[in-house]
Amino acid sequence: MHRFANPARFLKIARPLTGWLFWPGLLLLLAGSACGLFVTPADYLQGQTVRILYIHVPAAWLGMGGWSGIAIAALMQLVWKHPLAAVAGRAIAAPGALFTAICLMTGSIWGRPTWGTWWEWDGRMTSMLVLFFLYLGYIALGNASARQAQQGGVSNVTAIFGLVGAINIPIINRSVVWWNSLHQGPSITLRGSSIDGSLLWPLGLTLLGFTLLFGAIVLMRMRAILAQNKVEARMQRLARG
């Protein structure tokens, strides 16, 4: 991984890779959403509200996946001192928070006709809300680190926060198993899926599409942070005369 530690070498790969991720991701997302809205049948119990799963499930996946990425970046920063790890952690935080918020909002929209309430303090919803607040805390710490000239990334304290916050990921994943919950149990596991195949297949398209878009956004943010670092370094040199 240290062969990509040089920003110029990283940017040489990241520039074309951003487009390779963004456009296929957008096409898959649009195709999956269209099929989920207009092709698949309504669920025999949930009716038309089942269609929200094509947004809700990928958003939940990327909310948790984003923090997992932050934890990996934090580990690389603290143990291997990878110079781009701190930049990667900061770049992941904002889109991760966005998808977590989308997960919470779509879950509430789905819950209103299904449970009769917009919100319930059960294990899954509460732990997901905690994840959103963790993202906000990480973003605040990361911005403070950047203002303190931490080379555009995050401080070691912020990285430790990212590692500690990862404890919440398995709690989210297992919450519907550990506690009584209004939220339905695991629908997709290694042993199969409880979702009917006629409803399931567009989910694969939106899941892959959102994931590719997430990767493209992270690369764009990393490139923007590195460009900002370059501008700030040039301004400091000019200021010194």
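A crossing of two helices is left-handed if the near helix is turned anticlockwise from the far one by less than a right angle, and right-handed if clockwise. That term is needed at the second stop.

The model is predicted: local features need pLDDT of at least 70 and side-chain atom pairs pLDDT 80 or more, while totals for chains, interfaces and linings use all residues. Residues are numbered from 1 along each chain as its sequence is written, and side-chain values use heavy atoms, with hydrogens and water left out.

**Whole chain.** Colour by secondary structure. The protein has seven helices and two strands, in the order α-α-α-α-α-α-β-β-α along the sequence. Helices (H or I, at least four residues) and strands (E, at least two) are DSSP runs, numbered from the N terminus. Of the 241 residues, 44% are buried; buried means under 20% relative accessible area, exposed over 50%, and partly exposed in between (1.4 Å probe, protein chains only).

**H2 and H3.** Select residues 53–79 (H2) and 85–115 (H3). These helices pack at about 155°, with axes 7 Å apart. Axes are lines fitted to C-alpha atoms, for helices over the stretch in contact, and angles run from 0 to 180 degrees between N-to-C directions. H2 and H3 are therefore roughly antiparallel (over 145 degrees; under 35 is roughly parallel, 65 to 115 roughly perpendicular, the rest oblique). Their crossing is left-handed. The contact of H2 with H3 has 15 nonpolar, ten polar and no charged residues. Here Ala, Val, Leu, Ile, Met, Phe, Trp, Tyr, Cys and Pro count as nonpolar, Asp, Glu, Lys and Arg as charged, and the others, Gly among them, as polar.

**Thr 106.** Stay in H3 and select Thr 106. Thr 106 is buried, because its relative accessible area is 10%. Its side chain reaches the backbone oxygen of Cys 103 at 3.2 Å.

**Gln 48.** Move to the loop between H1 (7–38) and H2, where Gln 48 lies. Gln 48 counts as exposed because its relative accessibility is 53%. Its side chain makes a polar contact with the side chain of Arg 51 at 2.6 Å (a pair of N or O atoms within 3.5 Å; within protein, one must be able to donate a hydrogen and the other to accept it, and residues adjacent in sequence count only if both atoms are side-chain atoms). Leu 37 is eleven residues from Gln 48 in sequence and 8.8 Å away, C-alpha to C-alpha.

**Annotated spans.** Finally, select residues 123–141 and 199–220, which are among the spans annotated "transmembrane region" in the unreviewed UniProt entry. Residues 123–141 are 100% helix, with end C-alpha atoms 27 Å apart. Residues 199–220 are also 100% helix, with end C-alpha atoms 33 Å apart.

Conventions
UniProt positions renumbered as here; feature names shortened; annotations may be inferred.
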